[in-house]
Amino acid sequence: MTSQFAACSFGQFQITNDYSRNIDDKLSDVGVMTVTINRSLTNSGRGAVYSAARTATETKLGYALPGNFDHVMFVLEDCYQDCGWAAYAYINAWGSVYKKNYYRYPGVQLHEIGHNLNLAHSGGLDGSTYTDHTCLMGNPLYQDDVGEMCFNPAKNFQIAEGGNAWYSGNVDVYNPSTAQPSFTTKTFVGIADYQNNPQNHPVTMKIESGGSSDYFMGFNRATGVNIDNDEADDEVTIVQVNGSNGLDYSQSYLRATLRQGETYRISNYKGSGKNLLITAETININANPGFAVVSLNFDNANVNPPTPQPTPLRPTPLPTTSAPTRACGNDVCLATENDVTCPADCADVELRTWSNDVGARAAEGIMFTVQAKRPLAITGISSFTQTTDNALTQIYTRPGGYILYADSEDGWDLVFDDTIQHNGNSVLTEMPFANNQRVVIPSGAVQSFYIYTPSRLRYREEGTEGQEIQSDESLIFNAGRAIAVTKWDVPGSNVVSPRVLSGILTYDAIESANPATPAPTRNPTQPPTTGPTNQPLTPSPTSPPTNAPTNAPTSAPTSAPTNVSTSAPTNAPTNAPTNAPTAQPTLNPTSSPTLGCGNGFCEADESGDTCPEDCLDLILIPSEVGGNGAYGTMFSVTALERDVEITSINFHASQSAGVQVQVYTRRGSFEGFELTEDGWDLIFDSPITTNGRSDPNVLDGFNVVVPSGETQSFFLYIEGESIRVMYEPLANIEQTPFSNGPLRFDQGIGKMSKFIAGDESLLYSGRILHGQITYNVVNIANVPTPSPTNAPTNTPTNAPTNAPTNAPTNAPFNAPTNAPTNAPTNAPTNAPTNVPTNAPTNAPTNGPTNAPTNMPTNAPTPAPMMGPTPSPTSPPTAKPTFGTAVCGNDICEPTEDSISCPGDCTDIKLAASPDGGSGAEGIMFEVNAVRDVIITSLDFHCATGVSSNVDVEVYSKPGSFDGFEGDVTAWQLIH
């Protein structure tokens, strides 16, 4: 552990037993103290054992831990209760615990001390918590003599930028404008070559996502300090965090590992609706140091990436051509060829989806996905069928996946629709597309297909759904699913997966999915097309050039430059921000916004009465698109800071028709009330003529008041006809929740029935209404007093500082309650600080003081709420209002945990529902932790009414199940 931390940090993190005070008489060996605890290991849980060991150590030392130590490792001879662990540690703290011999394993030691250093777990491609084996925080190494390994790009960025600065100066950030296409290349070296990097190439790069869940990329070079790496050796790795922008404690997940030539696609990048393609252009491990050149192509700026230029890192110059010089006619469609320049190799190419056996089973419908390695056009599909007859055959297609679109034709395009002769299971049946129906797929993009015919299509059971089955130089074919007895995935359709179509895909390899114009339409614009960089351009570029040209030059210019070149960028970008933000607040915020009534914003001191032009008939649009629909939709909204009055709901329908529409409402969430009319009030029941998908339908004549902080649910249902309320699946929408200030749209579902007990199968979760909600702001917010509650800062910042500003803002959102929402625990919570302190205090103080206590956080451990409550105290009370926590009162107080008070904080039970009148073979649900918890068991009731032996499986995944209802690869089997 000592040597590997020194190696991974390049000498920045040193472990020593120089304790600054002499405790030799307390030690049983160098750095080891042995204590006897007053608890039985066999009859005590891990929290009680830890508490006893800590107390015994403090007694023997004569002072409280951590004292003069930065880290304390407790080793237990064994574990007899709650033992599903090798070791555990406290986040952003000093304590870690190991059972039996696990303290000997370097990988386990580095992992647990990593938690002390504020590093979260690293999940893998399968979505499990610990399975990123490119990183020590993913539990890859369980041997006592193996440990030469470091961390993934997300953790490296956090270490470099979060205050520890192990790799300072060798990180990069990619944050392009989404206003226009852009193309750039970056050269990376591995962590092992951090000090062998004469060109100062980055070891990690942050890819801004437009939110807090950013991506991180690096070169996973398996050499030197990282030679024991356990996954994706010498490949480019891409990791995404769950939040915190990569600067704080956050679970990460491995999203892609790229070999040379492979591409990873980020769809709807930064909410633009366009793709970012990341390609490993060159990987060279024979150079010193080894390196990877990666291109980042936003919005298909340059389909054919430039030939990488040699750099001084490389032993020999790379060839200027990107492909061998084989001639057209060799039956291989090279990267330099296409269906126009070499039709013999690149037109009517066939990818066969089976090897020897075409399969003995058949279904009426088969869905599957393909991925293009280069721009191409699918021109037809052939398949074996179960029967030989004339039958209707239809082929649907859509960009992206099919999981959320399997229940109807919504979101699909019909590209083949004909009654044809089927040839049975020995001769392929061809289904060629018309010229205007061929399906063009950009490089790196995924496309879904659905083939339906009553003659039934032959398939095989192979791999897992979504797994690559066959591929060639241009196209990847993946396993899909079969729909046995109906056209779409509806109740009774008998959907099975994985299923692999036995057939052939025919395609043309084309030059570009988005052909470029043959010549520039006018002279270049004044600023560079990629926009100014974050730093001023150097007078002469480094080697290799930073921020490669927008469209890197081909081997010969496509057209001569104009006589007048573009204006060279100034030393500092012309539209860079000024030295101080223009909107810097004054020392004392004004008592009200200067714009006042009529500025288009319903300010905190305005309401519908005082400023009707700003606070009446406000509109919240949950989704501006709607590709799916159901007979009804339920959703909930929350009034954030003031009382609001909902006056109308608009929705889009699947088509025009005369229908009866009903709207129900209830206070609180709709969850638990999806199948019963109990608890709902009918507020709209009227016949209307729907306008179809293009124009909204207005439902009004009601006034539903939602008090500040409360949630209100609505159920909109179309009675009697096959007309659907349109919505968009949550997985297709980038930003959630949806809010425009006083009102927030929380969540929604689709319903194919009204109130029928037992119809859980007709519920579709994660659906966002295509329409709008109109509301009025009823009252003003309670603006807090202008005097500060604590000592003011010299200059308030745009965001809350560690100490309160001179005065709270004029438009608070939700501010701290009279009692802290989560008093600090003995060990730091999951909202750790940017920089770990040497040690947390042994116990929290009685309450918040006017000046910060000696707690380990720079800001209160639990992140503050969005803003002050409508009636904040002035000043804060000396103690939390929940009173002094007393262990043993059967309440796990915010100041207690399973270690300090196991009687109150272990084996806590949450009853989800007191009864259950309906049932199904499976149920998915999600829970949200208000503080760190460990789920240890689940109890449930069976529907059979009799005792019987059955197989029960329990799966789990971090985050919502929404969008993963049919994806087994995202789940971990835990029981």
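A cavity here is a set of points, on a 1 Å grid over the protein atoms alone, where a 1.4 Å probe fits but cannot get out; the volume is the space filled by probe spheres set on the points, which are joined across faces, edges and corners. The model is predicted, so I note that local features need pLDDT of at least 70 and side-chain atom pairs pLDDT 80 or more, while totals for chains, interfaces and linings use all residues. Residues are numbered from 1 along each chain as its sequence is written, and side-chain values use heavy atoms, with hydrogens and water left out.

I then listed the lining (residues with an atom within 4 Å of a point). The largest cavity has 13 lining residues, and Phe151, Asn156, Ile191, Phe219 and Asn220 lie nearest its centre. Helix H4 (153–161) and strand E8 (215–220) are the elements that give two or more residues to this lining. E8 supplies the largest share, 3 residues. By class I recorded 5 nonpolar, 7 polar and 1 charged residues, with Gly counted as polar.

I searched the whole structure as well and found 6 cavities of 30 Å³ or more.

For the protein chain, I recorded 7 helices and 42 strands (DSSP runs of H or I, at least four residues, and of E, at least two). Of its 975 residues, 46% are buried, meaning under 20% relative accessible area with a 1.4 Å probe.

Note on methods
Buried means under 20% relative accessible area, exposed over 50%, partly exposed in between (1.4 Å probe, protein chains only). On a 1 Å grid over the protein atoms alone, a cavity is a set of points where a 1.4 Å probe fits but cannot get out, and a pocket is an open set with protein on both sides within 12 Å along at least five of seven lines; lining residues have an atom within 4 Å of a point.
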